[in-house]
Amino acid sequence: MDAALPVNLLCGYLGAGKTTLLNRLLEQDDQRILVMVNDFGDIAVDATMIAGRSAETIQLSNGCICCSMGGGLFEAFERALALREHVDRLVIEASGVAEPDRLANFARAEPDLDCRAVIAVVDPPSLADRLADPKIGKVVERQIAGADAVFLSRADVADAAAMRQAARLVGGINPLASQHQHLDGGFLTALAARHDANSLSAMGAPGNHQQLFASRTIAVDAVPNAHDLTALLTGHGGAIHRLKGYVQLPGLTQVHLLQLAGGVLSLEPVDAPEGIAINQLVAISPDAGALATLAAEVAASHDIQRRS
Amino acid sequence: MTPTLFSARRIITMDPSRPEATHVLVSGDGRILAVGTPDEMGDSGEATRDDRFADKILMPGFVEGHAHMMEGSVWRFTYLGHYARIAPDGRHWDGITSTDALIARLRERAAELGDGPVVGWGFDPLFVPGERLSRLDLDRVSTTQPVVVLHSNMHLLTANSAALELAGYDENTDVPGVLHSADGQLHGELHEMAAMFPVMRRVGASFRNLGGDPESIWNFARSACRAGVTTSTDLLNDLAEETLADLLATTGEDGYPLRVVPMLSALAMPPTEVGPRALELRARSTDRLRMGGVKIITDGSIQGFTAQLLAPGYYRGTDNGIWNIAPEALNAMVDDLNRQGIQMHIHVNGDGASLAAIEALEAALAGHFRPDHRHTLQHCQMADRAQLRRIAALQCCVNLFANHLYYFGDKHYEITIGPERACRMNPCASALELGIPLAIHSDAPITPLAPLVTAWCAINRLTDGGRQLGTSERISLDQALYAITLGAAHTLKLDAEIGSVEVGKRADFAVLEDDPHALGAERLREVRVWGTIFGGQPVQTGSF
């Protein structure tokens with residue numbers, strides 16, 4: 001029996017740049033990629049271009065990929081699984097109105113599939129309008145909320161203000177997702193990571209599914225310095241499933257991105273998206289009590305600072 | 001071939017110039033030559049007399065404007081629904097009212113099958129008292145054969161331990177939709193396709209296989225005959241060449257007694273190919289297979305909370321509204337197909353979806369008005385009078401889901417959309433008052449294929465629980481009979497050929513044991529159906 005087939009989902013509303021990204025991914029990546037396209041409705045699809053580069057393209061009928069009464073999703077997955085030994089990775093370009101959590105669940109539930117990162121692609125100049133659209137605003141929001149990583153298209157042509165505004169909007173909806181503007185090593189690393197459904201659902205509206213994980217926002221602006229904070233967090237590494245936030249603290253010369261993922265804590269200098277909350281950490285854990293303990297310890301370090 | 005002269009206790013013609021008759025003369029090629037009294041049969045000297053219906057009622061063959069071929073195929077699985085139902089083969093299935101009855105029926109099926117998976121369909125836990133059906137209950141059917149019970153909404157299933165094991169599910173499985181009991185063990189209930197897929201593919205119960213093989217196409221005609229239906233839509237079909245070949249061959253067989261009207265799924269191919277394919281299919285139509293129309297699905301279902309609702313949204317429960325097509329893509333598609341002269345049937349359940357369709361049609365028709373386009377909003381359950389006025393101005397048709405009032409009405413009133421909107425949903429009277437051509441439908445197999453029951457629902461607006469969903473949207477008996485004959489034929493552009501008993505039209509009849517007018521509006525659903533006459537040939541229920 002072959003190992004489970006890794007799957008990436010590429011979501012994003014019409015015109016977000018999914019196909020462009022996919023084509024560039026196929027140019028760069030030396031893996032054998034099987035592409036499943038569920039996007040007849042898109043305006044700029046170039047299925048033949050995709051087909052020319054990938055191992056095979058499965059054309060999936062448009063429509064309800066989520067409930068698939070007529071969509072042929074069963075058949076498409078059967079075909080994909082039948083090609084397992086010839087391909088290294090399946091990339092599904094979802095329809096413009098597909099919602100990632102519903103789609104990702106297929107890959108999570110099926111033992112023959114291995115659900116890797118869900119990518120939301122957004123078009124920065126139009127993002128604010130899309131989110132405000134009464135018809136599709138919720139769809140676009142759920143696409144971003146359900147993604148492990150968000151790719152902001154058109155970094156080469158969009159103006160800087162639009163990119164900053166989009167980054168801020170994305171960060172507001174999904175502070176956990178990594179943001180990318182270029183198909184670089186960072187993006188490829190994000191693409192290969194496992195889909196972190198538990199963290200994303202902990203961030204989402206409660207009661208949607210069985211809520212197995214809890215999330216909590218923890219303010220760290222009064223922590224004495226960066227070293228104390230990382231020391232404190234390292235002590236909780238086992239209990240905290242995921243943590244992310246932009247920090248600017250004594251001991252750091254500029255804004256840093258603080259992350260805990262897979263038990264590894266990292267602190268890297270970054271250009272924070274304009275308007276993003278600084279010194280607010282989002283922490284996810286299966287144990288709400290562990291989050292409370294962490295928050296209390298952070299608060300206690302504030303008190304220490306105040307007293308000193 | 002010589003003509004046949006049929007006599008009947010009463011013929012309800014739906015032709016206002018001659019509403020009633022006792023005799024009808026039918027040509028050898030299945031056309032109506034004369035309608036009236038024995039004296040008005042013209043040159044019928046050499047006609048064969050057929051008096052077998054002398055004590056029966058004839059009506060124009062009923063037209064089901066929104067059903068699915070799946071009605072013919074889903075019966076390969078074991079029926080487990082709450083309502084008693086008759087299979088295409090005539091077998092009467094009692095409704096399932098207890099877990100024990102369900103187990104007994106599945107055990108019987110498991111024994112028939114020997115090994116192999118046992119699959120049931122149509123189950124609704126809301127109607128079965130006691131603990132919710134679980135893996136442990138189904139283990140009583142078999143601990144070795146996989147047993148899978150599909151729920152009536154097709155979005156849930158319950159599996160036994162053997163089936164769950166096939167899918168690799170165990171107590172450690174952490175996937176949304178895979179339910180666990182309080183003790184941490186698997187419960188057996190799986191929610192939504194993602195969680196259901198691993199089980200369904202391994203027991204061979206995929207919906208993909210529920211399409212139009214020849215046996216299903218024949219079963220569809222069997223179900224139709226039982227309901228007095230001589231023309232039925234199959235309202236979503238990808239109409240790939242392979243499917244089409246089966247449809248053409250099977251409906252073309254001698255004695256196939258149904259006119260099938262499949263609608264091409266607009267989402268089954270790239271948008272630019274839809275129009276040319278629809279035009280090609282139109283040209284390849286036969287008497288019994290009428291193609292050329294296109295179906296576009298916009299949102300989901302109200303009872304599944306996946307319909308697109310305008311504010312204030314759902315009454316209780318979480319809004320999981322989905323779009324199957326992006327509104328902008330809908331605009332482009334509607335405009336494109338309208339320009340090409342292709343009739344569209346647009347699935348819209350929630351009022352957010354009907355609004356999107358109305359806006360798309362307004363833009364398309366403003367740019368390119370086609371007289372008598374007959375674009376039809378399907379389901380259109382929540383359109384209010386303001387939306388209906390716009391639909392009337394667009395000269396569109398509506399095909400309303402009257403059966404929902406009975407089968408899901410209590411749920412809509414109490415849970416999904418609340419009292420006010422439930423009492424005006426499926427607004428048949430408003431549609432007629434505003435001059436909108438009206439059809440009503442079953443969406444079989446979602447609810448049973450039975451136009452007289454659908455008519456009863458639209459007339460009485462009673463729920464299964466006995467609640468009346470408003471009185472202002474009730475329609476009269478004659479209006480309802482029109483909706484299931486000429487009304488539905490109008491939405492299919494077949495009203496010049498079928499839908500009424502008139503000289504020159506096709507000799508398609510519903511043959512009834514009871515007179516709808518004699519039984520009256522309140523008892524209309526009790527009318528017994530003998531069968532049909534299709535193209536002049538009597539076809540008794542259960543005879544094929």
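The questions and answers below treat chain A and then chain B.

Tutor: This is a predicted model, in which local features need pLDDT of at least 70 and side-chain atom pairs count only at pLDDT 80 or more, whereas totals for chains, interfaces and linings use all residues. Residues are numbered from 1 along each chain as its sequence is written, chains are lettered from A and ligands numbered from 1 in the order in which they are written, and side-chain values use heavy atoms, with hydrogens and water left out.

Student: How many helices and strands does chain A have?

Tutor: Helices (H or I, at least four residues) and strands (E, at least two) are DSSP runs, numbered from the N terminus. For chain A the secondary structure comes to eleven helices and twelve strands.

Student: What percentage of the residues in chain A is buried?

Tutor: Buried means under 20% relative accessible area, exposed means over 50%, and partly exposed lies in between (1.4 Å probe, protein chains only). Chain A has 308 residues, and the buried share of them is 54%.

Student: At what angle do α5(A) and α7(A) pack?

Tutor: Axes are lines fitted to C-alpha atoms, for helices over the stretch in contact, and angles run from 0 to 180 degrees between N-to-C directions. Helix α5 covers residues 124–132 of chain A and helix α7 covers residues 160–173 of chain A. Their axes are 7 Å apart, and the angle is about 45°.

Student: Which class describes that angle between α5(A) and α7(A)?

Tutor: Angles under 35 degrees count as roughly parallel, over 145 as roughly antiparallel, 65 to 115 as roughly perpendicular, and the rest as oblique. The angle of about 45° therefore makes α5(A) to α7(A) oblique.

Student: How many nonpolar, polar and charged residues has the contact of α5(A) with α7(A)?

Tutor: Contact means heavy atoms within 4.5 Å. A:Pro124, A:Pro125, A:Leu127, A:Ala128 and A:Leu131 of α5(A) meet A:Ala162, A:Met163, A:Gln165, A:Ala166, A:Leu169, A:Val170 and A:Ile173 of α7(A). Ala, Val, Leu, Ile, Met, Phe, Trp, Tyr, Cys and Pro count as nonpolar, Asp, Glu, Lys and Arg as charged, and the others, Gly among them, as polar. By class, the contact of α5(A) with α7(A) has eleven nonpolar, one polar and no charged residues.

Student: In chain B, how far apart are the axes of α9(B) and α10(B)?

Tutor: Helix α9 spans residues 327–339 and helix α10 spans residues 351–367 of chain B. They pack at an angle of about 40°, and the distance between their axes is 9 Å.

Student: How many charged residues are in the contact of α9(B) with α10(B)?

Tutor: On the side of α9(B), the contact is made by B:Leu330, B:Asn331, B:Val334, B:Asp335, B:Asn338 and B:Arg339. On the side of α10(B), it includes B:Ala356, B:Leu361 and B:Gly367. The contact of α9(B) with α10(B) has eight nonpolar and three polar residues, and its charged residues number two.

Student: Is B:Arg85 buried or exposed?

Tutor: B:Arg85 is found in strand β8 (residues 85–86) of chain B. Its relative accessibility is 8%, so B:Arg85 counts as buried.

Student: Which side chain makes a polar contact with the side chain of B:Arg85?

Tutor: A polar contact is a pair of N or O atoms within 3.5 Å; within protein, one must be able to donate a hydrogen and the other to accept it, and residues adjacent in sequence count only if both atoms are side-chain atoms. A polar atom of the B:Arg85 side chain lies 3.0 Å from the backbone oxygen of B:Pro445. The side-chain partner, at 3.4 Å, is B:Glu71.

Student: Is the peptide bond from B:Ala444 to B:Pro445 cis or trans?

Tutor: B:Pro445 has its place in the loop between β21 (438–440) and α16 (451–460) of chain B. For the bond from B:Ala444 to B:Pro445, omega is near 10°, and the bond is cis.

Student: How many residues of α16(B) are buried?

Tutor: The buried residues of α16(B) include B:Pro451, B:Trp456 and B:Asn460. The helix α16(B) is mostly covered, and its buried residues are ten of ten.

Student: What is the relative accessible area of B:Asn426?

Tutor: B:Asn426 is found in the loop between α14 (418–422) and α15 (428–433) of chain B. Although B:Asn426 is not a glycine, its phi is positive, about 45°. B:Asn426 is buried, with a relative accessible area of 0%.
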